[in-house]
Amino acid sequence: MACIEARGLRKAYGATVALDGVDLRVEEGRILGLIGPNGAGKTTALNAILGLTPYQGELRVLGRDPWNERDRLMRDVSFIADVAVLPRWIRVSQALDYVGGVHPRFDRAKAEGFLGKTSIRWESKVRELSKGMVTQLHLALVMAIDARLLVLDEPTLGLDILFRKQFYDSLLNDYYDGNRTIVVATHQVDEIEHVLTDLVFIDRGRIVFNRSMEEVESRYLEVLVDPDKLAAARALKPIHERQGFGRSILLYEAADRQQVAALGEVHAPSISDLFVAVVGNQTGHTGGVSR
Amino acid sequence: MNTQINTMLDAPLRSQLRAPTVIPAAQQAYWALRREFWESRWIYLAPLAVAALFLFGFLISIIHLPHEMRALAGLDPAKQRDTILQPYDMAASLLMGTFILITMFYCIEALQRERRDRSILFWKSLPVSDVTTVLAKASIPFLVLPLVSCAIAFVTEFIMLLLSSAVVAGSGLSVATYWNQVSLFRGFLLLLYHVMTVHVLWSAPIYGWLMLVSAWARRAAFLWAVLPPLAISVLERLLFHTGHFAAFLGHFFTGGAEGRYAPGTLPMHPGTHLTPGRFLGTLGLWIGLAVTAAFLALAVRLRRDRGPA
């Protein structure tokens, strides 16, 4: 069974179309990165998956209809919307009590273990914690839930780089077990690059790119072209060209590795470069990935 | 560590070990209610503070009690009783006024605050239904606050009785004369009856309406709750020179007295004759309760539809 299955997902806010016919299938056990410029429809798509917003079209998450079965779905789904949603008045101990009280799959000892590694005190209120600590607390709560799907929408927004690194490390080492499915939407593309198994680009409410990371690695090549071979390199029809280090960097899709290797230094493109190439080409954007 | 165990087990074995998937509804309701007590501590702290303040004032005032008791001795028993009971009635009225204020304030905040601070995204990430959440919140004005307020009133009056008895006994007067006039337990039951009939069952549509607006309004819920009914009343007065709508609204605040007590008796008077049967037979009561139920059902619906404000 697919974890998420969407067909013709549409959502409009008045005249603004947020989702314009999204088809998406995410198998269980995948870690999918959902990347898109601001206002591309990322959050709307995630909200539809989580049963937070109504939509047109077909959508099943773990076999359920999220809009009409949100509370039942949440027995198997966890999410962190963004850093600022834990109620500011709640105490750390109260948050543990409450989640333990209402969630059948919450392992309190595990959450306490995670919190033990931080400097968060039990009697503190959320409003007394730093931004990073609030995220640590939320992550400890979520990681102690034995969920089948975890959805993260900009989970590390506003956090410093050490913290962001730690966040994804504990997600991979302490949480991901090969069976759970994780969907991450973020602007900090390059930080999640090594974490992902699948990559989806969304732009203006449509999915414009959807491949596994293995496919991405085998299919896309970036070449730092030797200046005298530029004409030959362009003849091979790169999907994108940019300047860097005083030289032209050309991005190829499904090119012959031997052939392009003769043109210069070959390496795998970063997700952000791929994003600029794909999304920029599709819609005439000049960029769009903020870092 | 659990983490290590989890990763050691292979997939099929782990799925067999998955914890039971359902938490009993009563347990969820209990935690939903606990949340309200954590989040809105003022719903019990405010009446306690009012009671404490009143007791402080009472403590100072009973210095004159022996003197008053001696002056009263010559008067007729009814007059005696009224004078002795006066502070008890004041305490009850004050706490009821506090109850009404707190209840209304709670209702108007109940479903808006979690959207305003975006914490609704956290609450909705847990397997608690909108029905459970809204009913837990509704139980505060309809059940928890009336009981808490009456209990606080009872304890306050009990402390008043103890303090007065000490002063009366200390001045060599008969405590029995004083005690004969005060019947705390009967007073408590009368108060509970009064609150549950007038301020809860009869006024239910007011609280239902406030909670509905709280679930609907993005901001300024209080204005949305108050201004439209006010505007309708004013328009009716201007256009038709009548006041039916205003009278209709006023009915929910003050009305409904017909049927609760036998004709000619005062609500809180010790000799009051209660007629709950007649009260429960009033058609208006049941229409009001049906409207309240509809308001709450709409609030449940809105809690699902509305995101952070």
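What percentage of the 309 residues in chain B is buried? In this predicted model, the figure for chain B is 31%. The fold of the chain is built from 16 helices and zero strands.

Two packed helices are described by the angle between their axes and the distance between the axes. For helix 6 (residues 77-110) and helix 9 (residues 130-170) of chain B, the angle is about 160 degrees and the axes are 10 Å apart. An angle over 145 counts as roughly antiparallel, and helix 6 of chain B is therefore roughly antiparallel to helix 9 of chain B. Their crossing is right-handed. Helix 6 of chain B contributes a series of residues to this contact, including B:Pro87, B:Tyr88, B:Leu95, B:Phe99 and B:Tyr106.

B:Arg118 is a residue other than glycine, yet its phi is positive, near 65 degrees. This arginine lies in the loop between helix 7 (113-116) and helix 8 (120-123) of chain B. B:Arg118 has 18 other C-beta atoms within 10 Å and is partly exposed.

Turning to chain A, an open sheet of three strands is found with the order 2-1-4 and antiparallel pairing. Strand 2 (16-27) and strand 4 (56-61) of chain A stand at the edges; each has a single partner strand, so one side of each is left without a neighbour in the sheet. From one strand to the next, the twist averages 15 degrees. Strand 1 (residues 2-13) of chain A runs antiparallel to strand 2 of chain A, and nine bridges join the two. Within strand 2 of chain A, the residue opposite A:Lys11 is A:Leu19.

Strand 5 (residues 77-80) of chain A pairs with strand 6 of chain A in the parallel sense over four bridges, and A:Ser78 has A:Leu150 as its bridge partner in strand 6 of chain A. Strand 7 (residues 181-185) of chain A also pairs with strand 6 of chain A in the parallel sense, over five bridges. In strand 7 of chain A, A:Thr181 is the bridge partner of A:Leu149. Between strand 6 and strand 7 of chain A, the chain passes through helix 6 (residues 161-175) of chain A, giving a right-handed β-α-β crossover. How many of the five residues of strand 6 of chain A are buried? The count is five of five. A:Leu149, A:Val151 and A:Asp153 are buried on one side of the strand, and A:Leu150 and A:Leu152 are buried on the other.

The loop between helix 9 (230-235) and strand 11 (240-244) of chain A holds A:Lys237. This lysine has a positive phi of about 60 degrees although it is not a glycine. A:Lys237 is exposed, with 10 other C-beta atoms within 10 Å. A:Leu236 is found in the loop between helix 9 and strand 11 of chain A too, and with 14 C-beta neighbours inside 10 Å it counts as partly exposed. Leaving aside residues up to four places away in sequence, A:Leu236 touches A:Tyr252, A:Ala255, A:Gln259 and A:Val260. A:Leu236 and A:Arg88 are 148 residues apart in sequence, and their C-alpha atoms are 57 Å apart in space.

Finally, the two chains meet: 33 residues of chain A are in contact with 31 residues of chain B. On the side of chain A that touches chain B, two or more residues each come from helix 2 (70-73), strand 5, helix 3 (92-102) and helix 4 (108-116) of chain A. Helix 3 of chain A gives the largest share of that side, five residues.

Conventions. Residues numbered from 1 in each chain as written. Chains lettered and ligands numbered in written order. Predicted model: local features only at pLDDT ≥ 70, side-chain atom pairs only at ≥ 80, totals over all residues. Buried ≥ 20, exposed ≤ 12 C-beta atoms within 10 Å, placed from the backbone. Pairing = 2+ DSSP bridges. Axes fitted to C-alpha atoms, helices over the stretch in contact; angles between N-to-C directions. Right-handed = clockwise from strand over helix to strand, strands pointing away. Parallel < 35°, antiparallel > 145°, perpendicular 65-115°, else oblique. Left-handed = near helix turned anticlockwise from the far one by under 90°. Contact = placed C-beta atoms within 7 Å.
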